[in-house]
Amino acid sequence: MRRALARSAAKTVKFILRILGRGATTLPGKVALRIDPAIISKEAEGKFIITVTGTNGKTTTSHMISEMISSFDGYEVINNISGANLASGIATTLICEKKKDSKKLIYVLETDEAAFAKIAGSLNPKISVVTNLFRDQLDRYGELTHTRDLISSGIGNTTARLIINSDDSLVASLGKGREGRSIFFGMSKDSMKFNNDTYPSRKGVLRASSDAVFCPECKVRYEYRSRSFGHLGDFFCPSCGFKSPENTYSVIYDLKESPSNEGYRFSIDHNGDIRELSLVIPGMHNLYNTCAAVSAVTEMLKLSGETDVFEKACEASSKVKPAFGRMEKIPLQDNKKLCILLVKNPAGLDRSLSFVSEAKDAKALMFLLNSNTADGKDVSWIWDVDFESKVTSFPEKIYVSGERYGDMLLRVNYSGVDTEKIEYAPMNEAVDLLKKAISECEEGGCVYVLPNYTAMLDLRGKLVNELGIKDFWK
Amino acid sequence: MDNVSLNIGHFYPDLLNLYGDRGNVLALYTRAKRRGIDVNIREITIGDTLDPSSVDIAFLGGGQDNEQNILKDDLVRSKGPVIKEMIESGKVFLCICGGYQMLGRYYLEHNGNRLECLGAIDIYTEGKKERFIQDTIYEIELSDGKKVKVAGFENHSGRTYLGDTVKPFMKVIRGAGNNGEDGYEGARYKNCFCTYSHGSFLPKNAAVTDLLLKTALRNKYGEDYELPYLSSEAEDLALRQALEYLNG
């Protein structure tokens, strides 16, 4: 009875919001949860659910998984879109989204880390992916070990197969005591060592602020045989012996070419079955996201009783297109392109800077920094990132805007760029500045824009009108 | 003067590196380097021996509880006596948030548990449940009597109280400051400067960066040493814009 009432209330709210031209991605679920707090477990029962959580790569990985599954005959996907990843957004998705019953339906749900702890038990997913854990807006999320414990308690309430990152010590430790259902993905350890030895990375004046340096149980510094980026790598604790687990899905790669460029070739090794792939969404970090998605889809197909599962998953991964605000290249006139890279935390900004400094088509770089509640009120995090080792490879044209443009301007300046070489403007002139950047960009080049969350929403809303770019909730 | 050099000792950079504390080291480095000073950044962490003569400015940031617990023994037992000696002899220290608290006498957790700290400066801290999390503006009086505004960001649950030998570092214009009661922010004892301000603290506040540089280099090269002039246009613009944003 309650459930029926909650369902119809949610649908009514959604109908009205859509008439008003709003996205309606969370409010219907919020209303439903008010009426029936147990609505999520009731709606989730009997459904095949895959959850994706972790600091970075949630949206990209869930998007890849969704696109891959949708490409299979006989399968359909329902997912929560555009970052509606709290309980309210997930309830909205479970209640309001519908597909034909004739096909096998898979729910792919991107889930916020803290929300995951609360609703994982109710969702009881068949597969649960944990991408990575990096410091996020600490004024909102609190300590990293706390976030890890939240995810662990969420997992404890499920019977899900776990797809977890072996290179992230915090994430890998989620598999302790859950060996029977833990499936590890990550970089091939040999491959990582080869790349470290062959292409040593450039060093800046100061190391980036690092996470998870010490084994939380022994208080002893982790040692690494090799690293990929941040605290990700082939770690081991010299005291208790805890180490990066062996992968079931391993990325074999060679940094002779940069993964920042389209068509980068790499392979995934699944128990000796090695398949070559082309990186559809560029960036070193997307090697992890692609591997996580291939792992999740392969495991889903296995659970569904299919054959040639790994082969099918690999083939499907080549058909994926980028998600909203994530590595999406928007074509403009004169063969120019615009690429918006959402940056929400130090690890994300570090990856994006590295990406832009290696992208062959990067002719302009624009930063947009806001400090609203959804961004984190504290802008200090931009100083945790190592700009200094990448600045020499930045595009010549740099533009800065956002409500906190002064802070970002100084950040870029302190990395070694003269202020005279940086154009800047307040947020209300951001679109004009972007248009200027586009007009000054050479033919065939790409303007890379790195906004944080509310800056992206603001800019995106304006671009819909000014440049005729599609609406994000469609 | 030729070949002026500055050694920055970055304490526990792998453990105390919250909220952009790294930006403070970068600010000291940048404003010294741009003046033609040779700058050396030395990382000093757990297990390292501390040679006071190798450090002209010491920096301690803040860390997450888990990280601070890891280093506490090393700080209090191993390096403690040398750090105390350095502070007493007038060495320049900048300590932010957790670094500030750990130099004090003790930290009283809100459950009544008392954590003994280094006791290098006469301050103590009481933990409360409610955190102060907000943008801040302070006022600081420089050695020439000039008062300047300083912008930052605070994020702490500790309330810090100063003993008689310690002076407040800044006056609160906006924010809670040391304890939300007395209108002051941070502490100064000899040349040990402490604050709750992240932001990062130094980059936008070039006057404070220069105060630390000048003090450290006069320690090293004598009271006649003059810090060469350096424009602070980019820093001042960032400060002005931050103040406008906060007042807007």
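Two residues are in contact here if their C-beta atoms, placed from the backbone, lie within 7 Å. This is a predicted model, where local features need pLDDT of at least 70 and side-chain atom pairs count only at pLDDT 80 or more, while totals for chains, interfaces and linings use all residues. Residues are numbered from 1 along each chain as its sequence is written, with chains lettered from A in the order in which they are written.

I'll start with the two chains. Chain B puts 36 residues into the contact and chain A puts in 31 residues. On the chain B side, the elements giving two or more residues are α1 (22–33), α2 (65–88), β7 (123–141), β8 (147–162) and α5 (233–247). Helices (H or I, at least four residues) and strands (E, at least two) are DSSP runs, numbered from the N terminus. The largest share, nine residues, is from α5(B). By class, that side of chain B has 17 nonpolar, 11 polar and eight charged residues. Nonpolar means Ala, Val, Leu, Ile, Met, Phe, Trp, Tyr, Cys and Pro; charged means Asp, Glu, Lys and Arg; the others, Gly among them, are polar.

Now α1(B) again, this time with helix α4 (residues 206–221) of chain B. Their axes, lines fitted to C-alpha atoms over the stretch in contact, come within 10 Å and cross at roughly 75°. Angles run from 0 to 180 degrees between N-to-C directions, and 65 to 115 counts as roughly perpendicular, so α1(B) and α4(B) are roughly perpendicular to each other. From α1(B), Ala27(B), Leu28(B), Arg31(B) and Ala32(B) meet residues of α4(B), including Asp210(B) and Leu213(B). That contact has six nonpolar, one polar and two charged residues.

Technical notes
Angles under 35 degrees count as roughly parallel, over 145 as roughly antiparallel, 65 to 115 as roughly perpendicular and the rest as oblique.
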